[in-house]
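Please keep the sequence and the coordinates at hand while reading.

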Amino acid sequence: MNRLPLRALIAAAALGLLALFVAACGSSDEAPAGSKEMTFTLTDAGCEPHNAKAPAGPINFQVENGGTGAVTELEILDGETIIGERENITEGLTRSFSLTLEEGEYTVRCNGGEEEDGTLKVTGTLKTKAGPEVEKAIADYRKYLIENTEELTARTKPFVAAVIAGEIAKAKQLYPVARINYERIEPVAESFGDLDPRIDARENDVKPSEFGGFHRIEKALWEEEDLKGMKPVAEELQEDVDELEENVKGVKLQAVQIANGANELLTEVSTSKITGEEERYSHIDLVDFKGNVEGAEDAFKTVAPLMEKQDPQLVKEIEKDFAAVYKALEPYETSKWPGVVLYGELSEADTRKLAQVIDALAEKLSLVPAQIAKGEGA
Amino acid sequence: MLLSRRRLLASAGLGAAGVGLGASGYLIGHEAATAEAAEAAGTVPFHGEHQAGIATPAQDRLHFAAFDLETESRAELRELLEEWSQAAREMTEGRMIGAENDNLLAPPDDTGEAKGLPASNLTVTFGLGPGVFDRPGLGLAGRRPPELKPLPPLPGDELNELESGGDICVQACADDPQVVFHAVRNLARIGRGTVTMRWSQLGFGRTSTTSRGQETPRNLFGMKDGTANIKSEDTEAMNEFVWVDDGPAWMRGGSYLVSRRIRMNLEVWDRSSLADQEETIGRRKYDGAPLGGQEEFEPLPLDKTGPDGEPVIPTNCHVRLASARENGGVQILRRGYSFTDGVDQSLGELEAGLFFIAFQRDPEKQFVVLQRKLGVHDLLDEYIKHVGSAVFAVPRGAEEGGFVGEALFA
């Protein structure tokens with residue numbers, strides 16, 4: 001687990017906070033020009049100063065340990081979402097990080113202090129300098145998110161109806177159809193608190209009493225072959241995807257986050273699809289695989305124009321690598337349900353080949369966020 | 001290719017912002033300091049007439065990897081060898097790979113686990129398998145030396161295809177296990193999309209002496225191994241048996257590497273009597289002296305007989321069958337490592353043995369000759385089996401600023 005995963009950042013963005021991660025660097029000399037410097041000292045009492053003020057904009061936080069063993073970290077929170085932090089600041093150490101903050105009241109938390117929570121009041125308006133190309137990329141991707149969540153809710157409806165009606169065969173038929181939209185936008189869905197686990201958790205991911213969503217119904221359909229008790233689960237699923245559709249409308253995004261999201265989608269492929277873990281009862285993992293790759297490609301395409309100037313060659317290579325992934329998937333496409341072969345039909349040589357084309361693509365795609373940031377800053 | 005991608009990224013960054021300059025200045029100073037520390041702890045030059053890692057006194061640790069080539073493009077193969085050589089140069093000097101290691105938005109060029117460790121005498125040795133010269137797209141058929149071909153089936157082979165062969169090999173040796181792991185891991189990463197790792201082997205202890213300054217180590221049978229090996233100080237023997245001095249230019253100064261993954265049946269060996277163990281090898285277990293002899297480094301008394309009229313060094317024991325005298329004077333430079341990869345789940349026994357590596361001028365006239373005999377008659381065969389096998393042409397060393405295999409593309 002990353003300490004500061006994209007989903008937390010998107011969550012922060014969704015809450016109306018522009019966490020300009022572009023600027024969040026490990027050392028102070030890399031903070032964006034014009035940053036406000038703020039120094040916090042860790043003491044037994046907590047953070048010093050306890051209550052602070054700053055103008056909206058980029059802030060470089062210097063955190064020094066003032067000789068306490070009780071407090072070694074500082075977190076900046078918006079509500080209960082951590083948007084920036086530094087840990088392991090033991091005696092004698094100073095660490096820094098940067099955030100760009102909008103107007104609002106934030107919590108400065110020094111865990112272990114006598115009084116853990118202080119406040120940071122940010123006033124004024126944030127000047128954004130995003131160019132029209134950046135605005136367009138973000139607008140395009142938002143449109144894509146909305147389209148996919150609309151389709152997700154629309155496609156979930158007949159599936160849920162079939163489950164409630166106890167029609168096992170029909171529900172099985174419809175299951176993969178709705179999945180693909182979800183798999184295309186998974187990292188964004190993951191940013192909305194526990195919405196992702198409610199919709200998409202696998203059995204071992206949550207407490208037995210909390211196991212619901214797509215995979216609970218998948219289990220009922222394929223393993224139990226019995227839909228008894230699934231009505232409330234199906235209804236809850238519909239409510240959750242509806243909620244997702246609503247949330248997505250208000251999401252705030254940054255170009256770098258979209259690029260990071262593309263990478264997260266490929267991480268999904270590498271860690272749970274190519275291993276056959278995601279769809280363990282229905283074995284339609286390749287459906288998800290394709291959904292993740294499509295989602296990554298679409299995300300990449302919306303931000304690619306922003307790096308076209310810095311590195312047109314990389315854009316071409318990534319396009320070529322996406323084509324190679326689709327080509328590698330071709331032999332497994334069928335005209336029968338669900339459109340691709342089931343995971344169990346793949347040999348070790350098959351999964352190895354698929355894993356390798358994803359690895360090759362993902363290595364290059366991982367270079368995109370930094371290029372986008374440079375493009376934005378140029 | 002990733003590294004060039006990354007360099008591009010970094011240089012774009014420098015042009016874009018003045019802030020970057022200060023940061024990189026810091027980095028250069030820092031790396032220079034690291035390199036100095038590394039020198040004190042031992043560095044082996046990457047450049048030279050011969051690739052390092054052959055005549056270099058055998059280091060304690062190995063990570064060996066064989067890769068399948070995924071491209072038919074000669075330019076991509078060339079670029080791979082160039083990038084690999086550059087990364088190997090940086091790592092062998094004890095530096096981090098690449099230029100972009102401090103950008104929070106980008107994955108660092110170097111994976112980082114060797115940061116702070118000395119170079120530990122790291123050597124990285126590259127070789128090309130026969131398959132490279134079979135690919136029409138690469139157009140290298142005309143550059144193939146006749147000595148480079150797959151090994152013929154040999155007695156005692158029980159080869160697993162997935163632990164055998166490969167188009168390109170990387171032999172990383174150092175005195176620190178994390179340093180060798182880091183080397184192979186980062187090269188695999190740089191090559192992603194151009195090569196796929198086919199198999200790899202970690203070796204935890206050297207089983208050969210390649211220099212007179214080294215003590216003879218023991219293999220997992222508890223026996224001293226490599227007493228009679230060629231020593232790199234013996235220039236005449238190196239020239240006669242190891243270094244290639246004819247054929248295509250890219251191989252002059254090179255050598256041929258044969259690797260064999262030899263699984264040892266340790267459980268069976270351990271319940272053999274001491275006498276059995278010593279007669280199987282032909283040496284005393286504890287001091288390494290040949291049977292019938294007094295000390296480790298004396299010549300094998302191959303003609304001496306005991307009171308019973310039998311040779312003191314048994315007819316089918318390992319040292320006799322492998323000796324130069326019994327093989328028309330043939331020798332090889334051995335550079336093997338002990339390995340273990342956990343438990344053989346089908347048996348509940350240690351999955352362990354010897355990862356044998358040998359360098360020579362011509363595998364068919366050297367390793368193959370020896371193995372044809374050993375694989376049939378050697379008493380040791382009862383305790384071992386060969387489960388992996390590969391052969392690679394190891395090009396001559398890179399020139400200063402050049403790369404391994406450069407002459408192949410000239």
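In this predicted model, chain A contains an open sheet of four strands, arranged in the order 2-1-4-7 with mixed pairing. The edges of this sheet are formed by strand 2 (46–48) and strand 7 (94–101) of chain A. Each of these two strands has a single partner strand, so one side of each is left without a neighbour in the sheet. On average, neighbouring strands of the sheet are turned by 30° against each other, with direction ignored.

In general, strands of a sheet pair through backbone hydrogen bonds, and the pairing is either parallel or antiparallel. Strand 1 (residues 36–43) of chain A and strand 4 (residues 57–65) of chain A run parallel and are joined by seven bridges. Within this pair, Glu37(A) stands opposite Asn60(A) of strand 4 of chain A, and Phe40(A) stands opposite Val63(A) of strand 4 of chain A. Strand 4 of chain A is also joined to strand 7 of chain A, here by eight bridges, and these two strands run antiparallel. In this second pairing, Ile59(A) faces Leu99(A) of strand 7 of chain A as its opposite residue.

The domain assignment divides chain A into domain 1 (19–123) and domain 2 (132–333 + 342–377). Between the C-alpha centres of domain 1 of chain A and domain 2 of chain A there is a distance of 34 Å.

Attention now turns to a helix pair. Helix 2 (residues 132–164) of chain A and helix 9 (residues 285–303) of chain A have axes that come within 8 Å and cross at roughly 155°. Since angles over 145 degrees count as roughly antiparallel, helix 2 of chain A and helix 9 of chain A are therefore roughly antiparallel to each other. The crossing of helix 2 of chain A with helix 9 of chain A is right-handed. On the side of helix 2 of chain A, the contact is made by Ala137(A), Asp140(A), Tyr141(A) and Tyr144(A). Helix 9 of chain A contributes Asp298(A), Ala299(A), Thr302(A) and Val303(A) to this contact. Sorted by class, the residues in the contact between helix 2 of chain A and helix 9 of chain A are five nonpolar, one polar and two charged.

Key:
Residues numbered from 1 in each chain as written. Chains lettered and ligands numbered in written order. Predicted model: local features only at pLDDT ≥ 70, side-chain atom pairs only at ≥ 80, totals over all residues. Axes fitted to C-alpha atoms, helices over the stretch in contact; angles between N-to-C directions. Parallel < 35°, antiparallel > 145°, perpendicular 65-115°, else oblique. Left-handed = near helix turned anticlockwise from the far one by under 90°. Contact = placed C-beta atoms within 7 Å. Nonpolar A, V, L, I, M, F, W, Y, C, P; charged D, E, K, R; others polar. Pairing = 2+ DSSP bridges. Domains from an automatic or database assignment.
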